[in-house]
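I opened this notebook page to record what I looked up in the structure, entry by entry.

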Amino acid sequence: MALGGSLVLVLVLMTVAPPRTGAVPVPEALRALPGARGCHLAQFKSLSPQALQAFKRAKDAFEESLLEDWNCSSRIFPRSRDLKQLQVWERPVALEAEVALTLSVLGSLANSSLHSSLDQPLHTLRHIHAQLQACVPAQPMAGPRPRGRLHHWLHRLQEAQKKEPQSCLEASVMFNLFRLLTRDLKCVASGDLCV
């Protein structure tokens with residue numbers, strides 16, 4: 001009886017005590033699935049032509065503002081990265097982190113000469129991000145930690161924010177926008193049909 005009580009206490013402590021590793025937490029698998037309660041991503045299987053046009057205008061305005069001697073050596077979003085390589089429940093986690101970085105970077109650009117061209121894209125991205133957050137719980141105190149590709153992708157995004165020059169973050173985010181909107185978002189919205 002005492003052994004059973006100790007086991008229950010250990011299990012309770014493991015689920016309540018905050019992690020000490022500093023690792024990026026991963027949400028419960030069922031809560032992260034696009035069909036989970038409060039998670040409505042199917043609307044993003046395709047964005048409206050007007051929304052895509054607004055993103056194109058913002059990207060074009062950004063490209064016009066680039067200096068000719070612009071050069072970034074690292075690739076925050078490598079071409080080999082594909083959400084299909086992740087498990088279905090990991091995809092919203094990866095996309096939420098990517099959209100959060102995109103919002104952060106584009107938000108800093110909103111105070112520049114690109115302000116007018118970023119209004120609608122930022123509004124759309126905030127809506128997408130809010131929907132993704134409904135699918136991915138924010139920083140759970142306990143649970144499995146990301147492993148493998150998901151861990152690598154999340155770590156790469158975190159490190160980019162710390163180490164990359166702002167101009168390289170801006171360029172990487174802008175040049176990744178259409179991939180995020182047309183491929184990654186569609187994949188996550190399609191759930192297990194994205195293969």
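In what order do the elements of the chain run from the N terminus on? I read them as α-α-α-α-α-α-α, with seven helices and zero strands in the chain; helices (H or I, at least four residues) and strands (E, at least two) are DSSP runs numbered from the N terminus. I note that this is a predicted model, in which local features need pLDDT of at least 70 and side-chain atom pairs count only at pLDDT 80 or more, while totals for chains, interfaces and linings use all residues. Residues are numbered from 1 along each chain as its sequence is written, and side-chain values use heavy atoms, with hydrogens and water left out.

**Burial.** I looked up burial next, where buried means under 20% relative accessible area, exposed over 50% and partly exposed in between (1.4 Å probe, protein chains only). Buried residues make up 43% of the 195 residues in the chain. In helix H4 (residues 91–109), 15 of the 19 residues are buried, so H4 is largely enclosed by the rest of the structure.

**Salt bridges.** I counted a salt bridge where a side-chain nitrogen of Lys or Arg is within 4 Å of a carboxyl oxygen of Asp or Glu, and a search of the whole structure finds six. Arginine 81 forms one of them with glutamate 98, the closest N and O atoms being 3.3 Å apart; arginine 81 is in the loop between H3 and H4, and glutamate 98 is in helix H4, 17 residues apart. Arginine 81 also meets aspartate 184 in a salt bridge of 3.1 Å, N to O, and here the partner is in helix H7, 103 residues apart. Arginine 81 counts as buried at 6% relative accessibility, as does aspartate 184 at 1%. Salt bridges that share partners join Arg81, Glu98 and Asp184 into one network.

I also found arginine 81 over the face of tryptophan 153, at 5.6 Å from the ring centre; the test asks for NZ of Lys or CZ of Arg within 6 Å of the ring centre and within 35 degrees of the ring normal.

**Aromatic pair.** Rings of Phe, Tyr and Trp (its six-membered ring) pair if their centres lie within 6.5 Å, with planes under 30 degrees apart counted as stacked, over 60 as edge-to-face and the rest as tilted. My search of the whole structure finds one such pair: the ring centres of phenylalanine 62 and phenylalanine 175 are 6.2 Å apart and their planes are at 70°, so the pair is edge-to-face. Phenylalanine 62 counts as buried at 3% relative accessibility, whereas phenylalanine 175, at 39%, counts as partly exposed.

Methods: Expected span 1.5 Å × (residues − 1).
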